[in-house]
Amino acid sequence: MEKSRPLWDNPLQFVFACISYAVGLGNVWRFPYLCQMYGGGGFLIPYFIMLIAEGMPLLYLELAVGQRMRRGSIGAWKIISPYLCGVGVASVVVSFFLSMYYNVINAWAFWYLFHSFQDPLPWATCPLNSNRTGYEEECEKTSSTQYFWYRQTLNISPSLEASGSMQWEQALCLTLAWLVVYLCILRGTESTGKVVYVTASLPYCVLIIYLIRGLTLHGAVNGLIYMFTPKLEQLSNPKAWISAATQIFFSLGLGFGSLIAFASYNEPSNNCERHAIIVSLINSTTSIFASIVTFSIYGFKATFNYESCINKVILLLMNAFDLEEGSLTADNLGEMKDYLMATHPQEYAQLLPQLKNCSLEAELDTAVQGTGLAFIVYSEAIKNMEVPQLYSVLYFFMLLMLGIGSMLGNTAAILTPLTDSKVIATHFPKEVISGVVCFINCVIGLIFTMEAGNYWFDIFNDYAATLSLLLIVLVETIAVCYIYGIRRFEKDLHTMIGRKPNWYWKIMWAFASPLLIISLLIFYLTDYILTGTLQYQAWDATQGQLVTKDYPGYALAVIGLLVAASTMCIPLGALGTFIRKRLKRERVSTVA
């Protein structure tokens, strides 16, 4: 099983590589959203239960398999059983899909980073119209940050069917993003090992700066109270538990093959059990830390919007009823509205459609995740800070580091099986293999820089990995416990780290984790069936908001192909092995 291959310089470098890969954008933009949706501090209860029952055991299993077999995902599972070669291929296919669209986020981060040096920030105010007599109509119907995102960044089309042309600025940013990734992976662990120190540590420095700044912002305490106030009734909501399990599963990067690839470069005696626990805890702690930062920003943004709304209502009432300066304040606004409605019913009734119902709770309840949180909500908050250019540069540089760190793991999951192949490795140097993979991904990724590119991005983000990864990790767990054998795996671990796994690890591997994954699979399949026609959110420029539309037939076909392309690798790999063995036996019997 041993193979001569480059190793990490030391165990710390391996831990940094795992942290750089596992701690990604999901910690910053999905975990806070789930906290907001499912009970604030109460969400931490199912989250940590799932971490213990699912996250740490499966992470330990993948690290141990990679370290023991000393191969990438394809080679490792082929050693365990030739019939499992399709599991590794499925992981590579999913990682390839992920790499195609994930680096687009880095392209967007570059775009915003370059624009962060302008004064004022380009998303701070709406641009003037062509006649310079007012603001752009689309921007007036929405907000300056949404206009910059949907119109000036994406130049988004009104639907998936209107594909539009390629945006050359975004295409250049995507090319730059792939060039950076290529330079980071150019010489394998030799170059990646140095980069991970930066991509793993710098985001924490930025988060600490943002934490200090966030806690000093006006209204930050409102966001933190909202986060840490537990809504325990959400514990009876099955979706809260499903979301916790899904967040743990994907934030650790299980099933992609990246962790197996990283572990294959370890010394055989490396303590992978300790590293699985360390990486899991750091990943989860980062999610909570990032949520504190995010909710302090949320609180500032919500308070700013709430007070702006109040001030607009006060100004409207004072002008309409010719009230004295200072007679109407935020404290007595409710009483004065009742008084004016009683004394001037007709005038108040005419004014009522213009009076917004200002609510701090409603502002805090506005749940946003993904690109909406990263590129709209944060931009909205940054533009209202002092020295916004500084905080904008820091924030988008942090996004870039998180994105590049994740891309190092994604590309490692693709490249390690390729470089393990004697046929490929003997004919092409590592630099050429890396270059070809990056070039192919970059060319295909240009689809996401078209006017309808964001809709295709959402398709890949929603459907390219979810079901596939659940099936991959389920097969991995069953393979180790019931095909390779739990006792044989125990002996391997004893050989590597000097002790056998305790009862906790064995129970989780053999029973708890597989049952959890099966439950998740059933939930997602049921959810897809009950949903009926799949839909997406399209940008309507005439209304300045998102509208729901049905996916066209060809998009549904692409979704089906994305799911089938990876999941079918597992049965097809087993079938191919069976046929080859059958033919081999027939040839032997014929010769005999």
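**Cavities, cysteines and a kink**

Author: Happy to! The lining of the second largest cavity is made up of four nonpolar, six polar and one charged residue. Here Ala, Val, Leu, Ile, Met, Phe, Trp, Tyr, Cys and Pro count as nonpolar, Asp, Glu, Lys and Arg as charged, and the others, Gly among them, as polar. This is a predicted model, where local features need pLDDT of at least 70 and side-chain atom pairs count only at pLDDT 80 or more, while totals for chains, interfaces and linings use all residues. Residues are numbered from 1 along each chain as its sequence is written, and side-chain values use heavy atoms, with hydrogens and water left out.

Reader: Which residues line the second largest cavity?

Author: They are Trp108, Thr153, Leu154, Gln167, Gln170, Phe448, Thr449, Met450, Glu451, Gly453 and Asn454. The space inside is about 50 Å³. On a 1 Å grid over the protein atoms alone, a cavity is a set of points where a 1.4 Å probe fits but cannot get out, and lining residues have an atom within 4 Å of a point. Grid points are joined across faces, edges and corners, and a volume is the space filled by probe spheres set on the points.

Reader: How many cavities of 30 Å³ or more are in the whole structure?

Author: The search finds three.

Reader: On to cysteines. How many disulfides are there?

Author: The count is two disulfides, taking a disulfide as a pair of cysteine sulfur atoms within 2.5 Å. One of them joins Cys126 to Cys139, with an S to S distance of 1.9 Å. Cys126 sits in the loop between helix 6 (85-115) and helix 7 (137-141), and Cys139 in helix 7, 13 residues apart. Helices are DSSP runs (H or I, at least four residues), numbered from the N terminus.

Reader: Why is the disulfide of Cys126 and Cys139 called left-handed?

Author: Because the torsion about its S-S bond is about -80°. Both Cys126 and Cys139 are buried, meaning under 20% relative accessible area with a 1.4 Å probe, protein chains only.

Reader: And what do Cys309 and Cys358 form?

Author: Cys309 and Cys358 form a disulfide, with sulfur atoms 1.9 Å apart. Cys309 is in helix 14 (residues 272-321) and Cys358 in the loop between helix 16 (345-351) and helix 17 (360-365), so this pair ties together parts that are 49 residues apart in sequence. The torsion about the S-S bond of Cys309 and Cys358 is about -75°, so this disulfide is left-handed too.

Reader: Is Cys309 buried or exposed?

Author: Cys309 is buried, at 14% relative accessible area, and Cys358 counts as buried at 18%.

Reader: Switching topic: where is the kink in helix 23 centred?

Author: On Gly485, with a kink of about 95°. The bend at a residue is the angle between axes fitted to the seven residues ending there and the seven starting there. Helix 23 (residues 466-497) has 32 residues, yet its end C-alpha atoms are only 33 Å apart, short of the 46 Å that a straight helix would reach. That expected span is 1.5 Å times one less than the number of residues.

Reader: What follows helix 23?

Author: Gly498 does, and its phi is positive, near 90°.

Terms used: Helix = DSSP H or I, 4+ residues; strand = E, 2+ residues; numbered from the N terminus. Buried < 20%, exposed > 50% of the residue type's maximum accessible area, 1.4 Å probe, protein only. 1 Å grid on protein atoms, 1.4 Å probe; cavity = no way out; pocket = protein on both sides within 12 Å on 5 of 7 lines; lining within 4 Å.
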